[in-house]
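The sequence and structure come first.

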Amino acid sequence: MRLENKIALVTGAGSGIGQAIAETYAREGARVGLADIDFDRAKKAARAIGNNAVAMRCDVTQKSAWAAAIEDTLSAFGALDILVNNAGTTHVNKPMLDITEDEYDRTFAVNVKGVFFGCQAVVPVFRKQGGGVIINIGSTAGLRPRPGTSAYSATKGAVHTLTKGLAGELAGDRIRVCAIAPVATETPLLPSFLGPQPGMREKFIATVPLGRLAVVQDIANAALFLASADAEFVTGNIVEIDGGRCI
Ligand SMILES: NC(=O)c1ccc[n+]([C@@H]2O[C@H](COP(=O)([O-])OP(=O)(O)OC[C@H]3O[C@@H](n4cnc5c(N)ncnc54)[C@H](O)[C@@H]3O)[C@@H](O)[C@H]2O)c1
């Protein structure tokens, strides 16, 4: 088991990629905190994992919610080794002139401020423990944006830059910081990325050299590697899990 005795906190773990990461970590021996703004979903996902999981209500845009999530993880498991900043949202695929201020603000708040607050909340714990791993979920949208995703893509560009900046700043504390950039992945968020026009799914797939969209386990496998001792010399990377889309 690759994460034996490790303790992880995964945000947005009630659905999609975050849920798959939490399940994979637990299967590999970790104890896992599942944080989500949708507490019912987090509870359901934690129940499916069993005794090694605890659900928590957490809106990542709120500093106070972060303090509580870290506290809850520490009181449940006594330590914290891995933070996965996965919670994210998007506006529906649409022309840039149609994106409202509310959509812009919400997307930046969850995807960028939420990740930044998460890093701020966990670094003192990691420093005290002598190290840790932060994995931020970015996107190929932040590397090779498609039309209709302008504000969302900008948030993921920010996540990638934040990842590299913090990797340099925190390396001396033995804190590794990496990002994963998934291509379009089969989750409940996918229809928003595709947009309402017919044929978008096929168009997306046609731009992926390996000829399919990602599934959540593709992303969870990368998150497992990055969290494990196998990646002890890996930091500051944006790991594309994209079937070659960004070539
Ligand atoms: N699905 C894709 O095609 C794709 C591609 C690249 C990157 N991503 C990224 O992967 C991550 C996970 O997305 P997903 O596709 O699994 O989506 P999802 O909608 O299945 O899951 C996202 C989860 O985040 C939670 N969440 C939303 N706002 C939150 C907040 N403020 N605080 C806490 N939790 C919150 C939701 O309740 C939900 O459970 C996101 O960061 C997303 O941008 C997704």
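Predicted model: local features only at pLDDT ≥ 70, side-chain atom pairs only at ≥ 80, totals over all residues.

## Ligand surroundings

The ligand is surrounded by 28 residues, and the closest are S15, D36, Y152, T185 and T187.

Residues are numbered from 1 along each chain as its sequence is written, and side-chain values use heavy atoms, with hydrogens and water left out.

## Polar contacts and cover

An N or O atom in the side chain of S15 is 2.6 Å from an oxygen atom of the ligand. A nitrogen atom of the ligand lies 2.9 Å from a polar side-chain atom of D59, and a nitrogen atom of the ligand is 3.3 Å from a polar backbone atom of C58. On its own the ligand has 830 Å² of accessible area (Shrake-Rupley method, 1.4 Å probe), and the protein covers 94% of this 830 Å².

Strand β2 (residues 31-36) is largely enclosed by the rest of the structure, because five of its six residues are buried (under 20% relative accessible area, 1.4 Å probe, protein chains only). Strands are DSSP runs of E with at least two residues, and helices are runs of H or I with at least four.

Strands pair if DSSP finds at least two bridges between them. β2 pairs with β1 (residues 7-11) in the parallel sense over five bridges, and five bridges also join β2 to the parallel strand β3 (residues 53-57). G33 is the bridge partner of L9 and stands opposite V54 in β3.

Key. Buried < 20%, exposed > 50% of the residue type's maximum accessible area, 1.4 Å probe, protein only. Near = heavy atom within 4 Å. Polar contact = N/O pair within 3.5 Å; in protein donor to acceptor, adjacent residues only side chain to side chain.
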